[in-house]
Amino acid sequence: MDIQREDNGSKGRFTTAKGDSEMTYVRVGETTVIFDHTFVPDQYRGEGIAGKLVAAGVEWARSENLKVIPQCSFARAAFERKPEYRDVLKE
């Protein structure tokens with residue numbers, strides 16, 4: 001699945017190639033980002049798309065040395081289920 005990142009300064013999003021699913025984020029200062037919203041249309045739910053969007057966000061955070069506050073319920077649950085994401089979790 002092709003996931004792209006769009007960045008508009010203090011805000012951005014990860015989207016699928018069609019742009020119909022997304023995870024949005026907001027930068028907070030130089031080193032922190034909030035994953036604030038995840039959306040997948042009903043017809044694509046259950047295909048693991050939201051999880052792939054969060055995973056892409058985590059990889060990006062690692063590459064930029066950012067810490068993540070998973071504010072949206074899906075991202076928060078993903079961080080709880082996946083201990084391998086804890087290295088980027090803002091404590």
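Student: How many bridges join strand β1 to strand β2, and do they run parallel or antiparallel?
Tutor: Before we count, note that this is a predicted model, in which local features need pLDDT of at least 70, side-chain atom pairs count only at pLDDT 80 or more, and totals for chains, interfaces and linings use all residues. Residues are numbered from 1 along each chain as its sequence is written, and side-chain values use heavy atoms, with hydrogens and water left out. Helices (H or I, at least four residues) and strands (E, at least two) are DSSP runs numbered from the N terminus, and two strands pair if DSSP finds at least two bridges between them. Here β1 (residues 3–7) and β2 (residues 11–16) are antiparallel and share five bridges. Arg 5, for one, has Phe 14 of β2 as its bridge partner.

Student: How many bridges join β3 to β4?
Tutor: There are seven, and β3 runs antiparallel to β4 (residues 32–39). One of the pairs is Glu 22 with Phe 39 in β4. Between the two strands lie three residues, and Gly 29 in this hairpin has a positive phi near 70 degrees.

Student: Does β5 run parallel or antiparallel to β4?
Tutor: Parallel: four bridges connect β4 with β5 (residues 67–70). The bridge partner of Phe 35 in β5 is Pro 70.

Student: In what order do the elements of the protein run from the N terminus?
Tutor: The order is β-β-β-β-α-β-α, giving two helices and five strands. The radius of gyration, taken over C-alpha atoms, is 12 Å, close to the 12 Å from the globule rule (2.2 Å times the number of residues to the power 0.38) for 91 residues, so the protein is as compact as a globular protein of that length. Its C-alpha trace spans about 35 × 30 × 20 Å along the principal axes.

Student: What share of the 91 residues counts as buried?
Tutor: Buried means under 20% relative accessible area, exposed means over 50%, and partly exposed lies in between (1.4 Å probe, protein chains only). By that rule, 37% of the residues are buried.

Student: Is Thr 15 buried or exposed?
Tutor: Thr 15 sits in β2, and its relative accessibility of 1% makes it buried. A contact is a pair of residues with heavy atoms within 4.5 Å. Beyond its neighbours within four places in sequence, Thr 15 is in contact with residues including Ile 3, Glu 22 and Leu 53.

Student: And is Thr 16 buried or exposed?
Tutor: Thr 16 also belongs to β2 and is buried, with a relative accessible area of 6%. Setting aside neighbours within four places in sequence, its contacts include Met 1, Ile 49 and Leu 53. Thr 16 and Asp 2 are 14 residues apart in sequence, and their C-alpha atoms are 6.0 Å apart.

Student: Which residues does Thr 38 touch, apart from those up to four places away in sequence?
Tutor: Thr 38, in β4, touches Glu 22, Met 23, Ala 50, Cys 72 and Phe 74. At 18% relative accessibility, Thr 38 counts as buried.

Student: Where does Asn 65 lie?
Tutor: Asn 65 is in the loop between α1 (49–63) and β5. Its phi is near 55 degrees, a positive value in a residue other than glycine. Asn 65 is exposed, at 64% relative accessibility.

Student: Finally, is Ser 73 buried or exposed?
Tutor: Ser 73 is exposed at 54% relative accessibility, and it is found in α2 (residues 73–81). Ser 73 and Ser 21 are 52 residues apart in sequence and 16 Å apart in space, C-alpha to C-alpha.
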